[in-house]
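I am keeping short notes on what I look up in this structure. Each entry takes up one topic.

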Amino acid sequence: MARQGVDRAAIVEAAYALAEERGLAGLGIRSVAEACGVSVGTIYNYFPTKDDLLVEVIGTFWQRAFHEDLCLIVEGERFDAFVNRVYAAMSSALAAFRSDWLPQISALSIQGRDEGKMRESATFDHIRAGMRGVLEADAQADPARAGVEADELVAFALESMIAGLCAGEPDCRVLSALLRAALYGPAAPDAEGAADGVGGPEAPACGTEGAAAAAAGERW
């Protein structure tokens with residue numbers, strides 16, 4: 001018997017759980033309706049097409065990967081340390097997305113893929129805003145030292161991180177070193193050694209060259 005009173009959020013939650021279990025290719029309106037205990041027509045009342053539901057599921061993935069706690073300001077955390085933390089979280093989230101879902105995105109129509117990209121863009125706008133907040137909260141950081149505006153530095157950092165992720169770089173230690181020199185001066189210790197004044201070792205490049213081009217590349 002169909003359960004009355006199901007809302008959009010409950011439908012998305014059920015669809016997300018099914019997508020995790022079966023992948024996007026195995027996600028169907030009927031299976032979501034069965035999971036929610038409602039009729040197929042009820043699902044269509046909220047999501048006129050399967051693409052609409054898939055885009056919502058993908059958007060939920062990005063929100064959960066990046067919106068929850070990631071851009072919270074941690075007292076005393078320096079901006080370069082924050083960038084390292086965000087990169088690690090993005091790397092883990094995107095690895096799961098690629099291995100589990102990305103090959104199945106082709107099931108979406110062109111319009112659905114475009115809408116998915118818009119949701120992705122909105123998520124990265126959120127990350128940029130969060131990064132700007134962390135930078136402003138870092139009393140030691142001074143973007144003017146490098147002769148750039150805070151928004152420019154944040155945009156460069158995020159584009160460089162995305163470039164590194166696209167290239168499969170395991171970390172962004174060189175980006176962190178560049179930020180450290182730009183914001184705190186060349187003699188500043190690295191993020192891990194900041195508390196005791198001990199600098200860290202140099203690291204290989206993390207794909208910062210051509211960051212803007214990589215950031216604009218195909219991720220869907």
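**Entry 1: helix α6.** I started with α6, which has 28 residues. From its first C-alpha to its last I get 41 Å, close to the 40 Å expected at 1.5 Å a residue. The expected span is 1.5 Å times one less than the number of residues. Helices (H or I, at least four residues) and strands (E, at least two) are DSSP runs, numbered from the N terminus.

I then listed the buried residues of α6: G112, G116, E120, T123, F124, I127, G130, M131, V134 and L135. Buried means under 20% relative accessible area, exposed means over 50%, and partly exposed is in between (1.4 Å probe, protein chains only).

I also looked up I110, which lies in helix α6. I110 is exposed, with a relative accessible area of 55%.

**Entry 2: ground rules.** I noted that this is a predicted model, where local features need pLDDT of at least 70 and side-chain atom pairs count only at pLDDT 80 or more, while totals for chains, interfaces and linings use all residues. Residues are numbered from 1 along each chain as its sequence is written, and side-chain values use heavy atoms, with hydrogens and water left out.

pLDDT is the predictor's confidence in each residue, from 0 to 100. The mean pLDDT of the chain is 78. I see that 75% of the residues reach 70 or more. Over residues 195–220, pLDDT stays under 50. For that stretch the model has 49 contacts beyond four places in sequence. Contact means heavy atoms within 4.5 Å.

**Entry 3: the whole chain.** I counted elements next. The chain has 9 helices and 0 strands. From the N terminus on, the elements run α-α-α-α-α-α-α-α-α. Of the 220 residues in the chain, 44% are buried. I also checked contacts with a separation of 6 or more: residues 24 or more positions apart account for 76% of them.

**Entry 4: salt bridges.** How many salt bridges are there? I find 7. The rule asks for a side-chain nitrogen of Lys or Arg within 4 Å of a carboxyl oxygen of Asp or Glu.

I took D125 and R128 to begin with. Their closest N and O atoms are 2.4 Å apart, and they form a salt bridge. Both sit in helix α6 (residues 110–137), and because they are 3 residues apart, about one helical turn separates them. D125 is partly exposed at 41% relative accessible area. R128 is partly exposed too, at 31%.

Next came R132 and E136. Their side chains meet in a salt bridge of 2.6 Å, N to O. These two are 4 residues apart in helix α6, so about one helical turn lies between them. E136 is exposed at 53% relative accessibility, whereas R132 is partly exposed at 27%.

R132 has another partner, D151, with closest N and O atoms 2.3 Å apart. This pair links distant parts of the chain: D151 is in helix α7 (residues 150–166), R132 is in helix α6, and they are 19 residues apart. D151 counts as partly exposed, at 49% relative accessibility.

**Entry 5: helix α7.** I checked the length of α7. Its 17 residues should span 24 Å at 1.5 Å a residue, and its end C-alpha atoms are 24 Å apart, which agrees. Which residues of α7 are buried? I listed A150, L153, V154, A157, L158, S160, M161, I162, A163, G164 and L165. Just after α7, G168 takes a positive phi of about 80°.

Entry 6: I found S176 in helix α8 (residues 173–184). Is S176 buried or exposed? At 3% relative accessibility, S176 counts as buried. I left aside its neighbours within four places in sequence and found S176 in contact with D80 and N84.

R78 lies over the face of Y184, at 4.4 Å from the ring centre. A charge sits over a ring if NZ of Lys or CZ of Arg is within 6 Å of the ring centre and within 35 degrees of the ring normal.
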